[in-house]
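Subject: Structure handover

Hello,

Here is the structure I promised you. Please open it alongside this note; my findings follow below.

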Amino acid sequence: MVPAPPSRHGDAGEVRGWHIAIMSTMTTPTTSTTRTDVCIVGNGAIAKTTALGFAQAGHRVTLLSPPARPGAEASSMASAAERPWDVRVYALNHTAHDLLASLKVWGALDLARVAAVDAMDVHGDGDNGGNLGFDAFGARVGTLAWIVEDHNLNGALDAALKFAHNVQRIEGRACELTCSDEGAALRLEDGRRIECALLVGADGRESWVRGQCDIGVDYRMYHQRAIVTNFACDKPHHGVAHQWFTCADGIIALLPLPGNRVSLVWSAPETLADTLMDESLGELAIRLGEYADDKLGALRPLQPEAVAAVPLALVKPHAIVAPRVALVGDAAHAVHPLAGHGMNLGFGDVVDLLAAVREREERRAIGDERVLARYARKRKEDVVMMQLATDGLERLFGANLEPVRVMRNLGLNLLDKMPALKRRLMAHAMGKSSI
């Protein structure tokens, strides 16, 4: 804290001393160095899960996060009863569930705010649109997925991190990354240093860590924005997630929330997205009635009303590892949300990175080139399959040609009558080898 200035009638020496104290406070650089086994850059759920995973495996972990926003702490302390429903939710699959359960995080969630997805109903476009259904019974599991709010997930992770004695959380921004045979080193804007054997970039789609490693990226902008908000529905949803491929209007998904509530993810073309964001949520509910009235009844905006729009893009880095560096989550890949698996890919990254480090030869360091190469190989098939599936479906259902429309609707109907193939698709979506 900067000391209060002396009275204007005070001693001149006292005034000079105050100025010296001010200059000392403002100009003294911070040169401390933190040495750790693993440094994770990021502040989202994937970064926190990675930190917990390495910590519980016995490694010293430093989690570098940007400075907290003003008011964020007060918001996080609000009780569950006072907190509005998040507009950002995740459809977590069995891989995510099992990882979070193993880290003792799943049980720390507010499970009253978690909804199970028992079935999924996919609708084609047009008056004679195709239909494809998945259900937990056919998949031979208790549930297909779980809908979890961002605040609920991050709150449980934050609580778990407080009890992880070998995790140090540092707020700051990195401005330089250097790598050598001994490890990686970050220099922060205030002069502090973090030295580690392995650096994990979990800092999102526009990853700073990835950029510092000179990893090239292929982008495909979808010229769409995901409009996300929540509604109450007149009819019970029975744990069914609905999705409509509408061609001209994009892709609409209504995901079950606890009670008679649903979460909207509308991947809308940019022009339509501008219109939707300019309208009231009541007008948006009327628009949705064209698709959802017979399934869910009338929709009503939840109070307080909240809506967000997220630009959509396919992000394909040319590599997910570099010397002493591994990328996870959106830093390693970003896909279209039509399948709801962007977050699940990130949890898969964490599982495979932890396994590669755990199974390494005793003589190898955790950031060894061969260890990271094994991680990259293990992730390749899962990530490429999801990129091809989501990008291919977006292209297929974005083509506004009648012959294409007929063929894709026929394809949905045909796939719905092939239980063996449906089970394979469901197994992959759930993160299982088979069902």
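A contact here means heavy atoms within 4.5 Å. By that criterion, take the contacts between residues at least 6 apart in sequence: 73% of them join residues at least 24 apart. Bear in mind that this is a predicted model.

Overall picture first. The chain holds 13 helices and 19 strands. Of its 435 residues, 48% are buried. Its accessible surface comes to about 21,200 Å². Carbon and sulfur atoms account for 54% of that surface.

Three strands form an open sheet in the order β3-β7-β4, and the pairing is antiparallel. The edge strands are β3 (89-92) and β4 (115-117), each pairing on one side only. From one strand to the next, the twist averages 30 degrees. Look at the pairing of β3 with β7 (residues 145-149): it is antiparallel and runs over four bridges. Leu 92 has its bridge partner in β7, namely Trp 146.

α10 covers residues 342-358, which is 17 residues. I checked its length. The expected span is 1.5 Å times one less than the number of residues, so α10 should span 24 Å. Its end C-alpha atoms are 25 Å apart, which agrees. α10 is also mostly covered, with 14 of its 17 residues buried. Buried here means under 20% relative accessible area.

That is the handover. Send me any questions.

Best wishes

Conventions:
Residues numbered from 1 in each chain as written. Predicted model: local features only at pLDDT ≥ 70, side-chain atom pairs only at ≥ 80, totals over all residues. Heavy atoms only, no water. Helix = DSSP H or I, 4+ residues; strand = E, 2+ residues; numbered from the N terminus. Buried < 20%, exposed > 50% of the residue type's maximum accessible area, 1.4 Å probe, protein only. Pairing = 2+ DSSP bridges. Axes fitted to C-alpha atoms, helices over the stretch in contact; angles between N-to-C directions. Areas by Shrake-Rupley, 256 points an atom, 1.4 Å probe, with all protein chains shown as cover.
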